[in-house]
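Hello,

Here is the structure for your files. My notes follow below it.

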Amino acid sequence: MQRIPTFSKGGVHPDDNKVYSREQAIERLPMPGELLVALSQHLGAPAKALKAKGDTVVKGEKIGEASGFISADVHSPVSGTIKEIRKVTLANSIKCDAYVIVPDSEQPELPTEKADWKSQEPAELLAQIKDMGIVGMGGATFPAHVKLSIPKDKKVEAFVVNGVECEPYLTADYRIMLERGEQALEGAMIAAKITGASRIIIGIEMNKPDGIAHLKDIVKEKGYPIEVVGLKMKYPQGDEKQLLKATINREIPSGKLPLDVGAVVANIGTCNAIYEAIVLKKSLYERVISVTGECIAHPKNIIAPIGTKMSDLLEFCGGFSSEPEKMVSGGPMMGFSFYDTETPMTKGSSGLLALEPKKKYRSTACLNCGRCVAACPIGLMPAKLYRYITNGEYETAMQTSLMDCKECGCCAFVCPAQLPLVHTMKTGKKLGRKKK
Ligand code: SF4
Ligand code: SF4
């Protein structure tokens with residue numbers, strides 16, 4: 001029997017819980033009464049405000065300018081008026097300025113004309129991706145124009161599309177695959193052209209058989225040189241390191257990047273955004289988000305303007321069916337818990353989860369069972385790191401590869417002593433950096 005590809009080291013199998021929203025086709029959110037468009041919704045320096053209180057804005061217009069090498073432009077999701085610029089706290093706890101925009105009652109339609117990208121040079125395509133504010137849509141929000149800028153001394157052999165969506169509950173990428181698959185694959189062709197990659201591979205976990213079949217059909221019909229690869233279900237396969245091992249059998253050494261092993265990785269939602277930027281001339285001002293979990297009355301996959309408040313998304317889904325224990329932005333393994341429903345969605349918001357209370361167990365002392373070591377996909381020794389950090393031995397923890405920790409949560413997931421391993425790793429990194 002043929003082996004189903006996956007990564008080799010560690011990993012866990014949480015329940016995928018995608019059943020709540022996987023059958024829900026993408027629905028457009030009715031226009032909210034007010035949006036909070038943050039100036040820091042990408043990795044790197046916040047964008048610089050280009051507008052002031054009282055200014056009018058047009059849908060798709062640049063309203064924030066990238067302010068450093070790693071930064072991204074921000075665009076208005078609507079035509080409307082800037083009521084004020086206010087400090088907001090995002091779901092990931094970042095505090096930044098945000099435009100409060102009141103949308104006009106009438107919104108312009110998107111032009112339907114399509115641009116031809118095949119005749120354009122890679123540099124021209126890259127410049128448009130930068131101008132349209134495209135960032136990684138899987139949650140990392142790394143500016144796409146930086147990722148796709150390949151230094152002269154590097155060569156890209158493989159462009160790998162991340163269609164894994166290994167975080168439980170989330171189904172936004174799955175719906176993009178089914179409903180915008182043609183666009184996303186054309187976006188992958190554009191990105192591959194920019195990087196000069198000779199191979200294009202898309203990795204998708206086997207819990208999306210119809211997604212795999214649909215993309216294979218498109219590839220066949222269009223004659224695209226894209227390999228669609230079904231992967232065994234295993235978390236955290238969506239991480240670049242694990243995805244490259246699973247799809248092209250390359251290992252990224254500690255402290256190195258995919259580019260160092262001849263690869264570039266982009267999420268399927270990012271490929272869709274690249275298509276929209278280049279072919280439809282549409283800046284990144286809206287995205288698909290899964291609003292799901294046991295406590296959501298009517299879970300949905302929603303296309304909503306960036307800056308939509310979580311309260312508007314919840315209302316569209318009929319609110320809570322029962323009191324959630326917590327709300328999470330992103331997936332349950334690596335997402336961010338937040339409490340204020342006025343928190344706005346950003347370019348990286350892949351999910352809004354409302355999760356039911358779980359049975360609580362008290363933490364005990366470490367049992368030295370070694371399960372965390374077996375589960376760690378990086379090959380770290382989480383129990384040892386936990387001991388160093390809680391003893392204040394930050395330097396020793398740093399010397400024991402603490403900075404390689406991806407905060408994926410596999411160790412905490414399997415720990416029978418219920419130790420707060422990920423939280424401790426995060427704290428250890430912060431304090432260890434300070435001590436340096
Ligand atoms: S959170 Fe860090 S230590 Fe724990 S399994 Fe993931 S990478 Fe390993
Ligand atoms: S899984 Fe938990 S109890 Fe077991 S060795 Fe690791 S930290 Fe200790």
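Is Tyr-169 buried or exposed? Tyr-169 is buried, at a relative accessible area of 3%. Tyr-20 is partly exposed, at 30%. (Buried is under 20% relative accessible area, exposed over 50%, partly exposed in between, with a 1.4 Å probe and protein chains only.)

This is a predicted model, where local features need pLDDT of at least 70, side-chain atom pairs count only at pLDDT 80 or more, and totals for chains, interfaces and linings use all residues. Residues are numbered from 1 along each chain as its sequence is written, and side-chain values use heavy atoms, without hydrogens and water.

The two tyrosines form a ring pair. The structure holds 1 aromatic pair (Phe, Tyr or six-membered Trp ring centres within 6.5 Å). The ring centres of Tyr-20 and Tyr-169 are 6.0 Å apart and the planes are at 10 degrees, so the pair is stacked (planes under 30 degrees apart; over 60 is edge-to-face, the rest tilted). Tyr-20 lies in the segment before β1 (26-28). Tyr-169 sits in the loop between β9 (158-162) and α3 (172-179), 149 residues from Tyr-20.

Now the whole protein. It has 13 helices and 17 strands (DSSP runs: H or I of at least four residues, E of at least two). Buried residues make up 54% of the 436. Of the contacts (heavy atoms within 4.5 Å) between residues at least 6 apart in sequence, 74% join residues at least 24 apart. The C-alpha trace spans about 60 × 45 × 45 Å along its principal axes.

Best wishes

Definitions and conventions. Chains lettered and ligands numbered in written order.
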